[in-house]
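Subject: Structure for you to look at

Hello,

Here is the structure I promised to pass on. Please open it beside this email, and then read on for what I found.

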Amino acid sequence: MPERRWIVTASGDRSVTELAEDLARQEFIVEQVLVQITPGVIIGTAEDHVIDHVRRIPGVGNVAPDEPVDIGPPDAPIS
Amino acid sequence: MGEAMPNKYERPAGALSESVDDLLSAALAGGGEGLQTGRFIATFREGAVDAAIRSLEGAGMQVASAGDFAGQAVAMDQVGDAGALVFPEVGAAVLSGPAAGERGMTAASDIPADSPIETIEPEYFAFVEQATEFAVLPVGGEATSEYLRGFVTAAEAIARDLGRQRQVVEDEQQALVVGTTWGLVACRVPQSVRTGSGIKVAVLDTGMDLGHPDFSGRQVLGETFVGQPVEDLHSHGTHCIGTACGPQAPPGNIPRYGVAFRSSIFAGKVLSNSGSGTTAGILAGINWAIANRCEVISMSLGSRTPVQAAYTAAGQAALSNGLLIVAAAGNDAGPTGSPANSPTIMSVASLDPDLTPSSFSNSGKVDIAAPGRDVFSSVPRPQRYGLKSGTSMATPHVAGCAALWAQTSPTLRGMSLWRKLQETARPLPFPRSRVGAGLVQAP
């Protein structure tokens, strides 16, 4: 199964660093922990089946796939 | 050919196998107009292709030819360490910077009269023609007059809407108006005594042309979140930063196009030079702007997605820190996209010069509106200036005005700044779902 990148928004029930460590133990490859966006956002990659598990971990508020954003090429008429 | 490519940082500048983007980055970083690639074009005398090749080889150059490729379709990244690439059909060759320099074959060199090479000239970058009319304004001349004529027409339209009592723009106001973009006039920026001094404005976009002459001497901090240098090779980021933070007095006949001309600029590159990014990179950029306590964070980007929890958390974290995130509502003539649709992020709709909502502007969750059609601002060198349209252009008008308001009082931060922008906006005869509280106004 391919890995995708995920955005995990912490719920604030526990420290985001602790949560990141927990995720890492669950086959979730932690790439970034954004601590300014309280209570914390963790960005990482994992296979889809891992995410079902991740959603149930205490301290996880929301899990969403990383999505593309595109403003178009330099000569786009509207941007 | 077919040799292993040297590490990008070991390859000398102006090599034949360098990508156009790398050549352009290097040229722009070197200052000046960034028009020359660092390579040279040698044109041969008629019928002297073979003699020219022998001459180049005789000078010790490794010579590749388009004839080496199937169908003479050259792949520049496969010429390896060749110092010259010959185009036999054209009767010319491109010489790498280092090879030309080492053998006295640059544009500055004297060519012997009996040489099979007729001329050697610098190689220049070529750019797509802008789709808009005013990509380059020469100093004086027809283009400037056209622009000013069009601008005065727009100004009169605004005056008609604004002052039912007045049919004619007063002389003094006309003079003010002619030297400024329609958008700044509509936001009452020229009359403001505020400059944005002491306020940090983060613009998360395609980066910035750091060497643009209009920003020399300005405090600019750049950071990239997309694996490409901050230098803007797209144009969108430079244009948005121009609107939010451009200079009080641009050179020559260029009208003033920027709001908070003394603000500190934080250029976060969260979109690549092709205009694409992802939520993860954008969140990393917001995280950086919050860490730097940027009072205003401007995001002219988004996608057609429902409210994203991470963006809402980001907006909330900003507000809790006394910072304000403003984002473009989007250009699909549909419901506001993310991140602007988060309740903790201020959503900006676009207005045309007659102060009606732009046809492309999204609606629904809209907090405020600003000029977004035919907005004149800075773009990367060599064009330097250009027109763009979109809620992307409206957003930095709000960001710039927010910086001016923030300067008026240290109590205007985060949510109180949001409320002040809405309270002081000029009401418009359109539903809140299209224009929010109305047209943003400067203090």
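Which residues of H10(B) meet which residues of H11(B)? Before the answer, a word on conventions. This is a predicted model, in which local features need pLDDT of at least 70 and side-chain atom pairs count only at pLDDT 80 or more, while totals for chains, interfaces and linings use all residues. Residues are numbered from 1 along each chain as its sequence is written, chains are lettered from A and ligands numbered from 1 in the order in which they are written, and side-chain values use heavy atoms, with hydrogens and water left out.

**Helix pairs in chain B**

Now the answer: B:Val398, B:Cys401, B:Ala402, B:Trp405 and B:Ala406 in H10(B) meet B:Leu417, B:Lys420 and B:Leu421 in H11(B). Contact here means heavy atoms within 4.5 Å, and helices (H or I, at least four residues) and strands (E, at least two) are DSSP runs numbered from the N terminus. Helix H10 covers residues 391–408 of chain B and helix H11 residues 415–423; their axes come within 10 Å and cross at roughly 110°. Axes are lines fitted to C-alpha atoms, for helices over the stretch in contact, with angles from 0 to 180 degrees between N-to-C directions. That makes H10(B) roughly perpendicular to H11(B) (angles of 65 to 115 degrees count as such, under 35 as roughly parallel, over 145 as roughly antiparallel and the rest as oblique). By class, the contact of H10(B) with H11(B) has seven nonpolar residues, no polar ones and one charged. Nonpolar means Ala, Val, Leu, Ile, Met, Phe, Trp, Tyr, Cys and Pro, charged means Asp, Glu, Lys and Arg, and the others, Gly among them, are polar.

Helices H8 (residues 279–291) and H9 (residues 309–320) of chain B pack at an angle of about 10°, with axes 11 Å apart. H8(B) and H9(B) are therefore roughly parallel to each other. On the H8(B) side, B:Thr279, B:Ile282, B:Leu283, B:Ile286 and B:Ile290 meet B:Ala310, B:Tyr311, B:Ala314, B:Ala317 and B:Ala318 in H9(B). That contact of H8(B) with H9(B) has nine nonpolar residues, one polar and no charged.

**The sheet in chain A**

Chain A has an open sheet of four strands in the order E2-E3-E1-E4, with antiparallel pairing; strands pair if DSSP finds at least two bridges between them. Strands E2 (29–34) and E4 (60–65) of chain A stand at the edges with a single partner strand each, so one side of each has no neighbour in the sheet. The twist averages 25° from one strand to the next.

Going through the pairs:
- E2(A) is joined to strand E3 (residues 41–47) of chain A by five bridges, and A:Val30 stands opposite A:Gly44 in E3(A).
- E1(A) pairs with E3(A) over seven bridges, where the partner of A:Glu3 is A:Glu47 in E3(A).
- E1(A) is joined to E4(A) by five bridges, with A:Ala10 opposite A:Val60 in E4(A).

A salt bridge also links A:Asp48 and A:Arg4, the closest N and O atoms being 3.3 Å apart. A:Asp48 lies in helix H2 (residues 48–54) and A:Arg4 in strand E1 (residues 3–10) of chain A, so the pair ties together parts that are 44 residues apart in sequence.

**Where the chains meet**

How many of these salt bridges lie between chain A and chain B? The count there is zero. The contact takes 26 residues from chain A and 42 residues from chain B. About 2500 Å² is buried between chain A and chain B, with carbon and sulfur atoms giving 59% (buried area is the accessible area, with a 1.4 Å probe, that two parts lose on being put together, summed over both). A:Gln36, A:Val69 and A:Ser79 supply 28% of the area that chain A buries against chain B, more than any other three residues.

**Loops worth a look**

The peptide bond joining B:Ser338 and B:Pro339 is cis, with omega about 0°, and B:Pro339 is in the loop between strands E11 (324–328) and E12 (346–351) of chain B. Another cis bond runs from B:Arg381 to B:Pro382, with omega near 5°.

Best wishes

Terms used
A salt bridge is a side-chain nitrogen of Lys or Arg within 4 Å of a carboxyl oxygen of Asp or Glu.
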